[in-house]
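Subject: Helical model for you to look at

Hello,

Here is the structure I promised to pass on. Please open it alongside this note, and I will go through what turned up.

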Amino acid sequence: MEKSFVLIVLLFAALATGGLIVNWIGLGRVMSRLSVSAYVEFHQHTNHTFDPYMPIVVVGALAGGIDLAVRYGIHSISGQLAAAGAVCYALVLTMTLPTNLRINHQIESWSIQNPPQGWAQTGARWIRFHVIRTLFSVPAFAVYVLAAMSSR
């Protein structure tokens with residue numbers, strides 16, 4: 001198998017997982033300490049940064065994992081590891097669409113000066129779902145690395 005393809009899949013997976021981890025550990029902690037107006041403005045700006053980027057790397061990681069599973073052979077250890085990682089990235093995507101992405105669109109429409117009642121609950125809901133999808137992403141990346149290492 002082409003090593004360059006495996007490296008590209010690992011790059012997409014690393015970017016997807018890394019982006020989720022940065023949002024959780026770095027930005028999420030900052031966001032929880034901001035005033036309401038600063039929170040809304042910050043969340044809106046991070047949406048502009050991450051919303052165009054994350055679908056590309058998550059879908060790329062998912063598609064790449066499916067391709068690796070097929071190339072390695074689904075009955076091999078490497079193929080099964082790649083398939084397990086692809087399932088995890090599929091769960092990340094499946095969770096993101098009805099929860100985090102929907103909340104991002106909702107927050108995008110908020111007024112920075114006058115956010116709606118319940119803004120804190122919405123933010124807390126976003127972070128809860130974000131943590132869960134990040135926790136699916138980390139093992140996905142790890143099993144992709146193991147699949148690549150065990151394919152030799």
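A crossing is called left-handed if the near helix is turned anticlockwise from the far one by less than a right angle, and right-handed if clockwise. You will need that term for two helix pairs below. Helices (H or I, at least four residues) and strands (E, at least two) are DSSP runs, numbered from the N terminus.

Some ground rules: this is a predicted model, in which local features need pLDDT of at least 70 and side-chain atom pairs count only at pLDDT 80 or more, while totals for chains, interfaces and linings use all residues. Residues are numbered from 1 along each chain as its sequence is written, and side-chain values use heavy atoms, leaving out hydrogens and water.

**Overall picture**

The protein chain has 5 helices and 0 strands, giving the pattern α-α-α-α-α along the sequence. Its C-alpha atoms fill a box of roughly 55 × 20 × 20 Å along the principal axes. Of the 152 residues, 39% are buried (under 20% relative accessible area; exposed is over 50%, and partly exposed lies in between, with a 1.4 Å probe and protein chains only). Contact here means heavy atoms within 4.5 Å. Among contacts with a separation of 6 or more, 81% are between residues 24 or more positions apart.

**α2 and α3**

The axes of helix α2 (residues 36-72) and helix α3 (residues 77-96) come within 8 Å and cross at roughly 155°. Axes are lines fitted to C-alpha atoms, for helices over the stretch in contact, and angles run from 0 to 180 degrees between N-to-C directions. The angle therefore makes α2 roughly antiparallel to α3 (over 145 degrees; under 35 is roughly parallel, 65 to 115 roughly perpendicular and the rest oblique). The crossing of α2 past α3 is left-handed. On the α2 side, the residues that meet α3 include Val 58, Leu 62, Gly 65 and Tyr 72; their partners in α3 include Ser 78, Ala 82, Ala 86 and Tyr 89. By class, this contact has 15 nonpolar, 3 polar and no charged residues. Ala, Val, Leu, Ile, Met, Phe, Trp, Tyr, Cys and Pro count as nonpolar, Asp, Glu, Lys and Arg as charged, and the others, Gly among them, as polar.

**α1 and α5**

The axes of α1 and α5 come within 9 Å and cross at roughly 150°, so these two helices are also roughly antiparallel to each other. Their crossing is left-handed. The contact of α1 with α5 divides into 18 nonpolar, 6 polar and 1 charged residues.

Two α5 residues are worth a click. Val 131 sits in α5 and is buried, at 19% relative accessible area; its C-alpha lies 8.6 Å from that of Ile 21, 110 residues away along the chain.

**The core**

The largest nonpolar core has 33 residues, and Tyr 72, Tyr 89 and Tyr 144 have the most contacts inside it. Such a core is a set of buried Ala, Val, Leu, Ile, Met, Phe, Trp, Tyr and Cys residues joined through side-chain atoms within 4.5 Å. α1 (3-31), α2, α3, α4 (100-108) and α5 (119-150) each supply at least two of its residues, and α2 gives the most, with 11. Leaving aside neighbours within four places in sequence, Tyr 144 is in contact with residues including Val 9, Leu 62, Gly 85 and Tyr 89.

Best wishes
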